[in-house]
Amino acid sequence: MPVAIIGSGFSGLAAAIALKRRGITDFTIFEQEQSLGGTWWNNRYPGAEVDLESHIYSFSFEPYDWTRNYASQQELLDYLNHVAAKWDIVRHIRFNEKVDTVAWSDESKTYTVTTASGAKHGPFRSVISAVGFLNLPLLPPFARGETPFLGDQTHTSRWPEGLTMHGKRVGILGTGSSAVQVISEAARDARSVKIFQIEPNWLLPKLARDFTPSERRWNRFGPVSWWKRFKLYAGYDVRQYGASHARKGGRSNQKRADQALAYLHASLGDRPDLLKLATPAFPFEARRTVISDTYYDDLKNPKVELIPHAVKSLTPKGAVDANGTEHELDLIVYATGFDAANYLGGYKVKGEGGVDLHEKWNGEPEALLGLMVPGFPNFFMMYGPNTNSVPLVSFYEAQADFAASLISKLLKRGAKTVSVNPDWFRKFNAWLQDRLSRTVWGSTSNYFQARSGKVVSQWPFSASAYIFGTKLARRFMVTFK
Ligand code: NAP
């Protein structure tokens with residue numbers, strides 16, 4: 001029986017390839033955009049670039065001739081298109097098909113997928129949700145719907161084709177990972193740049209650069225590429241061992257906090273005014289640490305002004321900050337992030353007995369290893385609750401393998417359903433929340449938390465621990481019927 005995959009970004013492609021590797025070719029991918037790529041299709045703002053190293057931010061089984069140590073958005077999109085073509089995935093994708101509802105039938109033990117046009121697709125024996133978690137743009141209330149502002153305005157992840165910053169007075173809201181990348185471009189291209197900051201973030205240098213021709217020749221040699229990937233993977237695993245990166249005073253937390261502080265002082269020590277404004281007040285790593293080589297230099301650029309206030313409202317000419325000052329602008333860029341804790345917020349999922357997944361979660365998403373929820377048989381999530389960590393693609397591969405192996409077992413056993421055991425689900429989440437309570441992630445406001453303050457997005461340990469968990473779970477924590 002066929003499988004539906006929702007989304008054709010990194011994780012959707014990982015799921016499709018995992019199915020193919022197990023000989024399952026009867027699957028359909030629903031993609032709401034006109035192109036594959038997910039995040040790397042949507043985030044086309046100037047300067048968009050990954051902040052994980054190219055050799056680890058790629059599939060382990062698909063090395064690539066990367067031109068930079070941190071790939072740009074365009075190169076990542078090219079890579080994903082290359083992988084999809086190589087694995088013959090594109091013909092499975094239905095573009096411009098936004099999924100509205102995924103509904104289980106207790107009678108037929110299958111799912112029906114309803115898309116925005118009202119068309120019903122299916123039946124599907126299984127569904128793999130691969131919609132990512134940084135996919136619902138978060139705009140401040142005053143920027144939703146009609147606004148009085150007469151200039152251009154855009155969220156970073158919805159950058160319109162052809163919009164440039166050239167010669168404009170640009171206002172950028174936010175100082176997170178997206179903001180620093182746009183700021184770097186704006187500082188070069190715009191007439192003036194105003195950065196509206198609520199709170200400064202911790203920041204580490206990126207050391208981004210092009211690979212030299214000789215490095216690229218070496219990288220094309222399989223063992224070299226493999227070794228680079230392995231070294232990066234092991235480095236992340238060591239950093240996250242025992243959640244040491246996420247505990248205040250944890251060994252790697254402390255080490256990286258010291259590095260960040262030293263970099264801050266080395267960069268802005270000669271500008272006490274900026275140093276004061278850019279020094280974070282929350283514990284290191286309590287929010288996603290920003291990685292940039294350019295941000296602190298950009299702050300010193302005479303064209304750039306750091307306004308230490310949020311934007312509170314718009315006028316026809318510009319933006320009014322929390323101090324009540326109006327700033328005249330030609331373009332407003334909302335680098336204001338995503339409604340991350342609202343997992344699968346773009347569509348409804350109905351499980352056994354018609355139970356709605358979001359009602360069941362009641363604002364606090366949880367799953368077994370982010371993958372499965374009791375009452376939703378044969379439904380798998382890629383990058384689901386509490387799986388946000390690095391290196392991301394290693395998590396995707398483990399999740400894809402988990403889903404594909406259970407779907408393959410369903411077929412081989414002639415079973416109709418595979419469900420997560422509710423006892424394991426409860427025990428796992430109680431254990432996880434206990435571990436998360438020892439980290440810094442609950443100590444300040446961030447997108448890792450549900451509105452209640454519960455940390456719903458983070459995985460506190462290494463990728464290896466997670467991968468081991470998925471192997472245990474698929475053997476001992478699920479039931480076939
Ligand atoms: P974000 O980290 O959630 O940052 C949103 C920013 O908007 C914050 O600085 C926030 O301030 C600010 N903000 C919100 N409302 C505002 C207002 N009214 N006025 C002024 N500022 C306002 O979002 P993001 O930068 O898009 O990054 C989200 C995540 O995407 C990252 O953490 C990362 O995981 C991912 N990302 C990755 C890459 C990559 O290279 N791999 C690149 C970009 C993004 P406060 O936080 O102080 O409230």
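These legends accompany close-up views of a predicted model.

**View 1. The ligand sits between two domains.** Domain 1 (3-136 + 339-434 + 461-480) contributes residues to the shell around the ligand, and domain 2 (141-210 + 235-334) does too, so the ligand lies between them. Taking the elements of the fold in turn, helix α4 (residues 177-189) supplies the largest share of this shell, with three residues.

**View 2. The shell around the ligand holds 25 residues.** Those that come nearest are E49, D51, S178, V311 and Y447. By residue type, the shell is made up of 12 nonpolar, eight polar and five charged residues.

View 3. The protein buries 83% of the 920 Å² that the ligand exposes when taken alone.

**View 4. H92 is a buried loop residue.** Let us turn now to a single side chain. H92 is found in the loop between α3 (73-86) and β3 (93-94). With a relative accessible area of 6%, H92 falls under the 20% limit and therefore counts as buried. Its side chain reaches the backbone oxygen of F27 at 2.8 Å. Apart from neighbours within four places in sequence, the residues in contact with H92 are K20, T25, F27, T28 and I29.

Terms used
Residues numbered from 1 in each chain as written. Predicted model: local features only at pLDDT ≥ 70, side-chain atom pairs only at ≥ 80, totals over all residues. Heavy atoms only, no water. Near = heavy atom within 4 Å. Areas by Shrake-Rupley, 256 points an atom, 1.4 Å probe, with all protein chains shown as cover. Helix = DSSP H or I, 4+ residues; strand = E, 2+ residues; numbered from the N terminus. Nonpolar A, V, L, I, M, F, W, Y, C, P; charged D, E, K, R; others polar. Domains from an automatic or database assignment. Buried < 20%, exposed > 50% of the residue type's maximum accessible area, 1.4 Å probe, protein only. Polar contact = N/O pair within 3.5 Å; in protein donor to acceptor, adjacent residues only side chain to side chain. Contact = heavy atoms within 4.5 Å.
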